[in-house]
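Subject: Structure handover

Hello,

Here is the structure for you to take over. My notes on it come after the display.

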Amino acid sequence: MQTVILQYEGSLRQFLVEDKGSTLIAAFGLPASTHEDDAWRAVMTAMSISQRMAGAGLPNKIGVTTGEAFCGNVGSHVRCEYALYGDVVNTAARFMANKVNEGILVCETTMKNSLSRLVFSAAKSLKVKGKENLVHAYAPLRVRKKSAGGQIQALKFSNGATRVVGDDERDDNSDGGYGWNRGSSTLG
């Protein structure tokens, strides 16, 4: 797992083994290590880790969120650790533990920031502890074969569903995923 995190230039914050299972916390876009595509890097890491764990027969659930968090040293001169705190960290944990999570769930911001390179499922509306309103989560489905360059458009249907497509061609995947594809025919 560390190798995959480093491959996408993320940082391993913590790895815990408890009676309920193991928890890995990784971060992307920390000070002095930011990239414009940190959300995509985090999702690719999640997809790779999930695939490797499934290949080893290990069930896994991953939550990926994008946003601002406190990152820095916490403690005293006797004991100090680098910590990540904030709503975005809590939401990732809630996604990971949510009963509808069948592998990886990402927040809307992560989905939008990765949409040019990945295809996502339709939104799942989740009741998340600590949130008054339902939160939309998406599952990454696959990597696009070719990056799209068109503009994103959100299409609203009469049944309330939303589908995101490009300005010139739909990504006609039968899984109802979000995405677009221009021209030729895509790991918490």
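What follows covers the sheet, the helices packed on it, the charged pairs and the cysteines.

This is a predicted model, in which local features need pLDDT of at least 70 and side-chain atom pairs count only at pLDDT 80 or more, while totals for chains, interfaces and linings use all residues. Residues are numbered from 1 along each chain as its sequence is written, and side-chain values use heavy atoms, with hydrogens and water left out.

Sheet

An open sheet is formed by 4 strands in the order β3-β6-β9-β8, with mixed pairing. Because β3 and β8 (124–126) stand at the edges with a single partner strand each, one side of each has no neighbour in the sheet. On average, neighbouring strands here are turned by 35 degrees against each other, direction ignored. Strands (E, at least two residues) and helices (H or I, at least four) are DSSP runs numbered from the N terminus; two strands pair if DSSP finds at least two bridges between them.

Strand β3 (residues 62–64) runs parallel to β6 and is joined to it by 3 bridges, with Gly 63 opposite Leu 105. On its other pairing, β6 runs antiparallel to β9 (residues 135–138) over 2 bridges, and Val 106 stands opposite Tyr 138. β8 and β9 are also antiparallel, over 3 bridges; Lys 124 has Ala 137 in β9 as its bridge partner.

Strand β6 (residues 104–107) is covered on both faces: Ile 104 and Val 106 on one side, and Leu 105 and Cys 107 on the other, are all buried (buried is under 20% relative accessible area, exposed over 50%, partly exposed in between, with a 1.4 Å probe and protein chains only).

Helices on the sheet

Helix α2 (residues 38–55) lies across β3 and β6 at about 175 degrees to β3. Helix α3 (residues 87–97) lies across β3, β6, β8 and β9, at about 150 degrees to β3. Axes are lines fitted to C-alpha atoms, for helices over the stretch in contact, and angles run from 0 to 180 degrees between N-to-C directions; contact means heavy atoms within 4.5 Å.

Ser 50 lies in α2 and is buried at 14% relative accessible area. Its C-alpha is 6.5 Å from that of Asn 60, 10 residues apart in sequence.

Charged pairs

The count comes to 5 salt bridges (a side-chain nitrogen of Lys or Arg within 4 Å of a carboxyl oxygen of Asp or Glu).

- Glu 81 with Arg 13, 3.7 Å; Glu 81 is in strand β5 (residues 80–85) and Arg 13 in strand β1 (residues 11–18), 68 residues apart.
- Asp 37 with Arg 117, 2.9 Å; Asp 37 is in the loop between β2 (21–27) and α2, Arg 117 in the loop between α4 (108–114) and β7 (118–120), 80 residues apart.
- Lys 112 with Glu 108, 3.7 Å; the two are 4 residues apart in helix α4, so about one helical turn separates them.

Shared partners join Asp 37, Arg 41 and Arg 117 into one network.

Which side chain of opposite charge is nearest to Asp 38? Arg 41, at 4.3 Å; Asp 38 is buried and has no salt bridge (Lys and Arg count as positive, Asp and Glu as negative, and His and the chain ends are not counted). Leaving aside neighbours within four places in sequence, Asp 38 is in contact with Phe 28, Gly 29 and Ser 33.

Cysteines

There are 0 disulfides, taken as a pair of cysteine sulfur atoms within 2.5 Å. Cys 107 is buried at 10% relative accessible area, and Cys 80 is partly exposed at 46%.

Regards
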